[in-house]
Every structure is written in C-alpha cells, then in structure tokens.
Amino acid sequence: MVKLIFFDMDGTLYEGNTWDSVARSLGNQCYEEEQKTVEKWKNNEYKDYIEWMDETVKIHKKYGLTKKKFFDILNSFVYHENVVNTVKELKKRGYKIALISGGFMEKAKIAIEDMGFDHVFAACEYIWDEEGNIDGANYTECDYIGKVHHMQHIMEIENLEKEECAFVGDGHNDVFLAKAVGFSVDFNGVPELKEVTNKSIVKFEELLEIFK
Ligand SMILES: [Mg+2]
C-alpha cells in the first residue's frame with residue numbers, strides 16, 4: 001500500500017523548466033552558451049551534476065542575472081491544470097507528499113507554500129549580495145541518480161520500504177526514480193520514462209483515481 005508520493009517539479013507540477021527560462025530571459029547569446037552546457041552534459045563531459053550547475057550559474061552571472069529578475073521569472077511560472085487541488089487532496093487523504101527537483105529551491109518553496117509538501121529537496125539555491133547580484137549558490141547533487149539518493153534518504157526518515165512509495169514525473173531524468181519505488185506514474189512522460197512506469201496519465205487529476 002502506497003503511503004508516500006514523490007513528485008518531480010519542473011514539467012510535472014509546473015509548466016516549463018526554470019534553467020531554460022532563466023537563460024532565455026538573459027538573451028540569445030546566454031541561451032546559446034547554456035545550450036552548449038546541455039550538450040556537454042549529454043556527452044558526459046561533466047564530473048557530476050554539481051559541476052554542470054556551477055558552470056550554468058557562472059553563465060547566469062556573466063549575463064547579469066539579478067535577484068529581481070530571477071523572482072520575476074519564478075512568479076511567471078504556472079502550474080499545470082489541477083495540480084494544486086490534486087496534491088492537496090492527496091495530502092488530505094493521508095498520503096505523505098515529497099518534492100524532489102533538479103531545479104531551484106526558491107521555486108520549490110513556492111510549491112511548499114501552495115501545497116504543503118512534507119519533504120523537499122531541490123538541487124540549487126542562489127546566494128545574492130546586497131545589490132541583488134549573484135554571490136554564489138548552494139548545490140545538492142539532486143538530479144538523475146542523485147535524485148534517487150535523496151529519495152532513499154526520505155524513505156529512511158519516514159521508515160518506509162520502496163513498495164510503500166510512489167513517484168510521479170515527466171522527464172528522461174526521472175527514469176531512475178520511477179524504478180526506485182513500488183509504483184510509478186508518468187504525467188505526459190517522455191517515451192523512455194513511459195517504458196518504465198506502471199501507469200501513464202495525461203491529466204493531473206487522474207492521480208485521484210489511482211491513489212484513492
Ligand atoms: Mg521534470
């Protein structure tokens with residue numbers, strides 16, 4: 001019986017991806033440089049996810065990302081239809097809910113306020129100087145296989161077996177997570193993810209039929 005449901009954030013709860021949106025907002029040249037890092041990641045040219053994030057943050061700094069601009073971007077994001085009421089209803093039904101993201105903690109905090117997650121891990125959180133410019137960032141290895149380690153940490157805290165946990169995600173980076181729990185759902189998932197999930201959904205509220 002499922003007691004805890006893990007959720008991916010970007011693309012699952014929210015439409016779009018923050019890394020992508022930040023780079024686009026800083027101009028074409030910035031976006032092109034950021035896309036080069038994506039290629040490097042795909043070609044295994046980074047030691048780990050942290051090294052990739054760090055290079056991306058340096059690009060954001062180079063192109064003048066400010067605290068104000070960053071939060072304007074975060075506030076422009078919208079949830080997929082029926083996300084907030086569905087997650088709140090699942091919590092009301094007694095499920096523990098956890099958020100695991102390779103994106104930004106600042107954005108995860110908005111989701112905590114809106115839906116009351118019991119556990120949250122996100123990979124990156126900015127540190128700003130007094131003028132609101134980037135002064136650094138806190139990183140956690142929380143994407144791809146690193147997401148699974150955080151997931152297992154939460155299972156230990158809650159004293160739950162993998163069979164008692166479910167996962168909902170959308171991307172190719174979620175394949176490891178779908179395999180690490182007893183029951184997995186993809187929400188408009190990419191083909192690689194669909195191959196490994198127990199159930200595919202196209203509307204978020206379908207979760208209420210799965211987790212009764
Ligand atoms: Mg995603």
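1. The buried residues of helix H7 are Gly-146, Lys-147, His-150, Met-151, Ile-154 and Met-155, where buried means that 20 or more other C-beta atoms, placed from the backbone, lie within 10 Å of the residue's own. An α-helix has 3.6 residues a turn, so residues three or four places apart point the same way.

2. This is a predicted model, in which local features need pLDDT of at least 70 and side-chain atom pairs count only at pLDDT 80 or more, while totals for chains, interfaces and linings use all residues. Residues are numbered from 1 along each chain as its sequence is written.

3. H7 covers residues 145-158, and its 14 residues reach 20 Å from first to last C-alpha, close to the 20 Å expected when 1.5 Å is multiplied by one less than the number of residues. Asn-159, which follows H7, has a positive phi near 60°. Helices (H or I, at least four residues) and strands (E, at least two) are DSSP runs numbered from the N terminus.

4. The packing partners of the buried H7 residues are strands E1 (4-7), E2, E3 and E5 (165-169), together with helices H3 (49-62) and H8 (175-179).

5. The chain is divided into domain 1 (4-15 + 79-210) and domain 2 (18-75), with bounds from an automatic or database domain assignment. In contact (C-beta atoms, placed from the backbone, within 7 Å) are 19 residues of domain 1 and 16 residues of domain 2. On the side of domain 1 that touches domain 2, two or more residues come from each of strand E2 (96-104), helix H6 (105-115), strand E3 (119-128) and strand E4 (134-139), and E3 gives the most, with four residues.

Definitions and conventions: Two residues are in contact if their C-beta atoms, placed from the backbone, lie within 7 Å. A residue is buried if 20 or more other C-beta atoms lie within 10 Å of its own, exposed if 12 or fewer, and partly exposed in between; C-beta atoms are placed from the backbone.
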